[in-house]
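User: Please take me through this structure one step at a time, and end each reply on the value or name that I ask for.

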Amino acid sequence: FFFGTMSFWHGLGLCFLLVIHSAVGDVCDDHLHVVHDITYVDTGGSGMPVLLLHGARFTHKTWCEVGTVKTLVDSGRRVIAVDLPGFGETRGRRGLPEEQKIKWMMQFMEHLKVSKAVIVAPSMSGTFALPLLFHEPQLFIGYVGVAAVIGEVSPEVLRQVKVPTLLVHGQR
């Protein structure tokens, strides 16, 4: 599914950022934070915030290793890549109920003083991003779901979302 115009996504610099970089580390290592048992990279700056979530088998480090953080920073974005509760180096338990996922995401964004962001949510992290998208759409500039777990949400319900949305899904 693709919601929003291609020029909108191009303007964000988010048209298919599947970039592999050999230069890994510096941007992420220089901007690594651990606050309240939450591990995340925040590059800071005044550019549009892009919040990168991760799948069940990955962490914030994945975005660093494949070069996505560096690419987005180079295009002028503020990049935040977080380890979700119970994953990577963030403490907490996995499998939070939906209400607690919404609360966790809102508190994290509030801590970062991010009032609007593009949120990229692959796989399992769709269970964090989508409830927030439905309950707090004002927090989103755009939503990119990459094979995101969407539960029982039908395409008709997704079409009601007013936030520019790009859903990428494929087969093996």
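User: Do β2 and β4 pair in the parallel or the antiparallel sense, and over how many bridges?

Analyst: The pairing of β2 with β4 is antiparallel. This is a predicted model, in which local features need pLDDT of at least 70, side-chain atom pairs count only at pLDDT 80 or more, and totals for chains, interfaces and linings use all residues. Residues are numbered from 1 along each chain as its sequence is written, and side-chain values use heavy atoms, with hydrogens and water left out. Strands (E, at least two residues) and helices (H or I, at least four) are DSSP runs numbered from the N terminus, two strands pair if DSSP finds at least two bridges between them, and the bridges joining β2 and β4 number three.

User: In what order do the seven strands of the open sheet lie, and which strands stand at the edges?

Analyst: The seven strands of this open sheet have mixed pairing, in the order β1-β2-β4-β3-β5-β6-β7. Each edge strand has a single partner, so one of its sides is left without a neighbour in the sheet. These edge strands are β1 (32-35) and β7 (165-168).

User: How many residues of β4 are buried?

Analyst: A residue is called buried under 20% relative accessible area, exposed over 50% and partly exposed in between, using a 1.4 Å probe and protein chains only. Arg78, Ile80 and Val82 point one way from β4, whereas Val79 and Ala81 point the other way, and all are buried. β4 is therefore mostly covered, given that definition of buried, and its count of buried residues is five of five.

User: How many residues make up the largest nonpolar core?

Analyst: A nonpolar core is a set of buried Ala, Val, Leu, Ile, Met, Phe, Trp, Tyr and Cys residues joined through side-chain atoms within 4.5 Å. In the largest one, the residues with the most contacts inside the core are Leu51, Leu53, Val82, Leu84, Phe108, Ile119 and Tyr143. Among the elements that give two or more residues to this core are β2 (38-42), β4 (78-82) and α5 (98-111). A second, separate core has 15 residues, whereas the count for the largest core is 32.

User: At what angle do the axes of α5 and α6 cross?

Analyst: Two packed helices are described by the angle between their axes and the distance between the axes. Here axes are lines fitted to C-alpha atoms, for helices over the stretch in contact, with angles from 0 to 180 degrees between N-to-C directions, and a contact means heavy atoms within 4.5 Å. Angles under 35 degrees count as roughly parallel, over 145 as roughly antiparallel, 65 to 115 as roughly perpendicular and the rest as oblique, which is why α5 and α6 are called roughly perpendicular to each other. Their axes come within 9 Å of each other, and the crossing angle is roughly 85 degrees.

User: How many residues of α6 are buried, and which elements are included in what covers them?

Analyst: Seven of the 10 residues of α6 are buried, so this helix is largely enclosed by the rest of the structure. The buried residues are Gly126, Phe128, Ala129, Leu130, Pro131, Leu132 and Leu133. What covers them includes α5, β5, β6 and α7 (155-159).

User: What is the phi of Asp37?

Analyst: Most residues other than glycine have a negative phi, and most peptide bonds are trans. Asp37 is found in the loop between β1 and β2, where it counts as partly exposed at 40% relative accessibility. Ser123, in the loop between β5 and α6, also has a positive phi, of about 50 degrees. For Asp37, phi is positive and near 65 degrees.

User: What distance separates the C-alpha atoms of Trp63 and Val41?

Analyst: Trp63 lies in helix α3 (residues 60-65) and counts as buried at 15% relative accessibility. Leaving aside neighbours within four places in sequence, Trp63 is in contact with residues including Leu52, Leu53, Ala81 and Val120. Trp63 and Val41 are 22 residues apart along the chain, and their C-alpha atoms are separated by 9.8 Å.
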